[in-house]
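Keep the sequence and the 3D view open as you read.

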Amino acid sequence: QLQLVESGGGLVQSGGSLRLSCVGTGFTLKYYAIGWFRQAPGKEREEVSCIGMTDGDMRYTDPVKGRFTVSRDTAKNTVYLQMDSLKSEDTGVYYCATRKQYSHCSGPGFIANTWGQGTQVTVSS
């Protein structure tokens, strides 16, 4: 069964750091574009970052640009989201997802094929 599992969320003070993990099972994650999304209470789910199959194919949305870093560990079939200089507005449930139509991060809007269940990130201050 194809599955994504997020972990690494928690409670952290403003200015702190967390590293989220997205582990793929039942498929080789390296050949997919993986997106990170978040959803705060009462808000729409929004894209945070994307990492594509090709080395260097990465993107970040403006609210997290310069603070978050996405990476891939092929041996562990895992994509990471390193979150530094966290702010209260970063609070939300974070999800990873495979991109249905493309293995790269450019082009039309991200349409997910498989979602993880999410991990809660809470930033206090």
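## Ground rules

A residue counts as buried when its relative accessible area is under 20%, exposed when the value is over 50%, and partly exposed in between, using a 1.4 Å probe and protein chains only. What you're looking at is a predicted model, where local features need pLDDT of at least 70, side-chain atom pairs count only at pLDDT 80 or more, and totals for chains, interfaces and linings use all residues. Residues are numbered from 1 along each chain as its sequence is written, and side-chain values use heavy atoms, with hydrogens and water left out.

## Threonine 69

Threonine 69 sits in strand E7, which covers residues 68–73. (Strands, E, are DSSP runs of at least two residues and helices, H or I, of at least four, numbered from the N terminus.)

Setting aside residues up to four places away in sequence, threonine 69 touches Tyr60, Tyr80, Leu81 and Gln82; contact here means heavy atoms within 4.5 Å. Serine 49 is 20 residues away along the chain, and its C-alpha atom is 8.3 Å from that of threonine 69.

## Two disulfides

A disulfide is a covalent bond between the sulfur atoms of two cysteines. In practice, a pair of cysteine sulfur atoms within 2.5 Å is called one. The structure has two of them, and counting bonded cysteines along the chain gives the pattern 1-3, 2-4.

Cysteine 50 lies in strand E5 (residues 46–51), while cysteine 105 is in the loop between E9 and strand E10 (112–115), so the bond ties together parts 55 residues apart in sequence. Cysteine 50 is buried at 0% relative accessible area, and cysteine 105 is buried at 1%.

## The nonpolar cores

In soluble globular proteins, nonpolar side chains tend to be buried together. A nonpolar core here is a set of buried Ala, Val, Leu, Ile, Met, Phe, Trp, Tyr and Cys residues joined through side-chain atoms within 4.5 Å. Which residues touch the most other members of the largest core? Among its 22 residues, they are Trp36, Phe68, Val79, Leu81, Met83 and Tyr94. Two or more residues each come from E3, strand E4 (34–39), E5, E7, strand E8 (78–83), E9 and strand E11 (119–124).

A separate core has seven residues, including Ala33, Phe37, Phe110 and Ala112. As for valine 79, its contacts beyond four places in sequence include Leu20, Cys22, Trp36 and Val70.

## Positive phi in two loops

Most residues other than glycine have a negative phi. Asparagine 77 has a positive phi, near 50°. It is found in the loop between E7 and E8, and its 15% relative accessibility is why asparagine 77 counts as buried.

Serine 85 also has a positive phi, near 50°. Serine 85 is in the loop between E8 and E9 and is partly exposed, with a relative accessible area of 41%.
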